[in-house]
Amino acid sequence: MSELRKRNVYGEWSRDLFADASVVEGDGRTVYIAGMAAEDPADGHIHHPGDCAAQTRMAYDKIKKILAAEGGDFRHLVRVVAYLTDMRDKDAYETEQRRALGGLKPPPHTLLGVSSLAWPGMVVEVEATAVVPR
């Protein structure tokens, strides 16, 4: 088996916000994570209605658990897409994303403003792609 190598490519102004691209080479598995949000895993009710920071923490905690179950962690993220219902929550989202990544440089990331999400009270949803070494 070959070693998995991931290299992020950064632009000048966005260097500390997100990578422009991730290049992955080697023997790995791609993990596509659907949009994670503040739905309760047991019954689907929405936690922290309207609270972007708390919902972002919950979404990244769910992503972390999925990655761990697949033998990976946030170092293996190669792309993140986040959806906010109010772009005024951008700073709260980015603060919680940085906290979740724990000092790792962010992967390529797209942040979109949308008019609504799947359930009332949801204000953020985060989907991710990772490549985990075999």
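Helices, at least four residues long, and strands, at least two, are taken here as DSSP runs numbered from the N terminus. On that basis the protein chain, which is a predicted model, has two helices and six strands, and from the N terminus on these elements run β-β-β-α-β-α-β-β.

**The chain as a whole**

With 134 residues, a compact globule would have a radius of gyration near 14 Å, and the 15 Å of the protein chain agrees with this. The C-alpha trace spans about 45 × 40 × 25 Å along its principal axes. Of the 134 residues, 41% count as buried, while the chain exposes about 7,400 Å², of which carbon and sulfur atoms supply 52%. When contacts between residues at least 6 apart in sequence are considered, 72% of them join residues at least 24 apart.

Helix α1 covers residues 52-69, and its 18 residues should span 26 Å at 1.5 Å a residue; the end C-alpha atoms are 26 Å apart, which agrees.

**Two residues in the loop between β3 and α1**

Ala38 is found in the loop between β3 and α1, and His48 also has its place in the loop between β3 and α1. Their accessibilities are set out below.

| Residue | Relative accessibility | Class |
|---|---|---|
| Ala38 | 0% | buried |
| His48 | 37% | partly exposed |

Because buried means under 20% relative accessible area and partly exposed lies between that value and 50%, Ala38 at 0% counts as buried, whereas His48 at 37% counts as partly exposed. The C-alpha atoms of Ala38 and Ala128, which lie 90 residues apart along the chain, are separated by 15 Å.

For His48, the backbone deserves a separate remark. Most residues other than glycine have a negative phi. Phi of His48, however, is near 50°, a positive value in a residue other than glycine.

Technical notes
Residues numbered from 1 in each chain as written. Predicted model: local features only at pLDDT ≥ 70, side-chain atom pairs only at ≥ 80, totals over all residues. Heavy atoms only, no water. Rg over C-alpha atoms; globule rule 2.2 N^0.38 Å. Buried < 20%, exposed > 50% of the residue type's maximum accessible area, 1.4 Å probe, protein only. Contact = heavy atoms within 4.5 Å. Areas by Shrake-Rupley, 256 points an atom, 1.4 Å probe, with all protein chains shown as cover. Expected span 1.5 Å × (residues − 1).
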